[in-house]
Amino acid sequence: MLSQSVKAKQFTAIIGFLVGCFALLLQLYLIIQNRTVGVTETLIRYLSFFTISSNILTTICFYCIMGNPESDAKPFFARPKTIAAITVYMFIVGLIYNTVLRFQWSPQGYQKIADELLHVVMPLFIIIYWLTFAEKNTLEWKSIFPWLIYPFAYCVYTLIRGEIVHFYPYPFMDVNAFGLTTVLINCLYVCITFFGVSILIVAIAKVLTKISMEKLTT
């Protein structure tokens with residue numbers, strides 16, 4: 001029989017999975033409805049947004065967690081280090097959108113709903129889940145470096161593909177508008193931000209683990 005804490009963990013994962021699926025499908029519907037290029041290119045562009053790929057990872061993560069929350073042989077997306085990495089990615093999604101991109105356009109109707117779910121609700125959901133339920137005692141400083149592979153690879157992919165098809169998903173990565181040097185500097189700043197947030201996540205994990213251990217010994 002599942003304990004109350006495990007039931008709460010599983011319930012939270014189910015809600016996160018359902019919200020993630022709804023947000024991703026809504027955004028997919030909207031981008032297809034408003035497409036200016038063919039369906040195939042539209043789908044590629046949809047998947048080329050860091051927000052979308054990160055929300056997909058988060059939704060998969062919640063799916064794996066809700067499937068068997070007590071299993072010791074956890075699937076990759078339900079492992080503590082993976083959840084922490086996804087938390088970093090979604091924190092950056094929320095941070096960049098709400099400090100930079102939010103003020104560059106004014107979505108309305110269903111697009112506004114999709115935007116808020118993808119850039120606010122889902123980042124907050126995974127952050128709260130990580131703080132409340134995720135195992136943190138296995139996180140180490142060296143855990144940070146593998147987490148940086150994904151954002152670095154994303155920047156490389158976006159710049160190469162942008163050079164070929166002349167589409168950049170984010171304004172600060174638009175080589176046509178700002179030139180390659182400025183965009184590379186912007187990407188460097190973004191990677192530094194990922195590194196900084198990763199350090200913060202591990203530091204918080206170590207503090208919370210220490211507090212937990214002290215409670216057990218008192």
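This section describes helix packing, pockets and cavities in a predicted model. Local features require pLDDT of at least 70 and side-chain atom pairs count only at pLDDT 80 or more, while totals for chains, interfaces and linings use all residues. Residues are numbered from 1 along each chain as its sequence is written, and side-chain values use heavy atoms, with hydrogens and water left out.

Helices are DSSP runs (H or I, at least four residues), numbered from the N terminus. Axes are lines fitted to C-alpha atoms over the stretch in contact, and angles run from 0 to 180 degrees between N-to-C directions. Helix α1 packs on α2 at an angle of about 140°, and their axes lie 10 Å apart. The two helices, α1 and α2, are therefore oblique to each other. Angles under 35 degrees count as roughly parallel, over 145 as roughly antiparallel, 65 to 115 as roughly perpendicular and the rest as oblique. The crossing of α1 and α2 is right-handed. A crossing is right-handed if the near helix is turned clockwise from the far one by less than a right angle, and left-handed if anticlockwise. From α1, the contact (heavy atoms within 4.5 Å) takes in Leu24, Gln27, Leu28, Ile31 and Ile32. From α2 come Thr42, Leu43 and Tyr46. By class, this contact of α1 with α2 has six nonpolar, two polar and no charged residues. Ala, Val, Leu, Ile, Met, Phe, Trp, Tyr, Cys and Pro count as nonpolar, Asp, Glu, Lys and Arg as charged, and the others, Gly among them, as polar.

Helix α2 (residues 39-47) also packs on α7 (residues 149-165), at an angle of about 155° and with axes 12 Å apart. That makes α2 roughly antiparallel to α7. Their crossing, α2 with α7, is left-handed. Here Glu41, Ile44 and Arg45 of α2 meet Tyr157, Arg161 and Val165 of α7. The residues in the contact of α2 with α7 are three nonpolar, no polar and three charged.

Helices α4 and α5 pack at about 140°, with axes 9 Å apart. Their crossing, α4 past α5, is left-handed. Residues of α4 in this contact include Ile83, Ile86, Met90, Gly94 and Tyr97. Asp115, His119, Pro123 and Trp130 are among their counterparts in α5. The contact of α4 with α5 comprises 15 nonpolar, four polar and one charged residues.

Empty space was examined next. Rolling a probe the size of a water molecule over the atoms shows where empty space is left. The search used a 1 Å grid over the protein atoms alone. A cavity is a set of points where a 1.4 Å probe fits but cannot get out; a pocket is an open set with protein on both sides within 12 Å along at least five of seven lines. Lining residues have an atom within 4 Å of a point. Grid points are joined across faces, edges and corners, and a volume is the space filled by probe spheres set on the points.

The largest pocket has a volume of about 430 Å³. Its lining holds 19 residues, with Phe49, Trp105, Gln111, Asp115 and His119 nearest the centre. Helices α1 (4-33), α3 (50-67) and α5 (109-132) each give two or more residues to the lining of the largest pocket. The largest share, four residues, comes from α5. Twelve residues of this lining are nonpolar, six polar and one charged.

The second largest pocket holds about 200 Å³ of space. Its lining includes Leu57, Phe76, Lys81, Tyr89, Ser143 and Trp147. Both α4 (80-99) and α6 (144-147) supply two or more residues to the lining of the second largest pocket. Helix α4 gives the most, with five. The lining of the second largest pocket has nine nonpolar, two polar and one charged residues.

Three cavities of 30 Å³ or more were found in the whole structure. The largest cavity contains about 170 Å³ of space. Of its 15 lining residues, Phe50, Ile92, Ile96, Tyr170 and Phe172 are the closest to the centre. At least two lining residues come from each of α3, α4, α7 and α9 (180-216). Helix α4 gives the most to the lining of the largest cavity, with four residues. That lining divides into 14 nonpolar, one polar and no charged residues.
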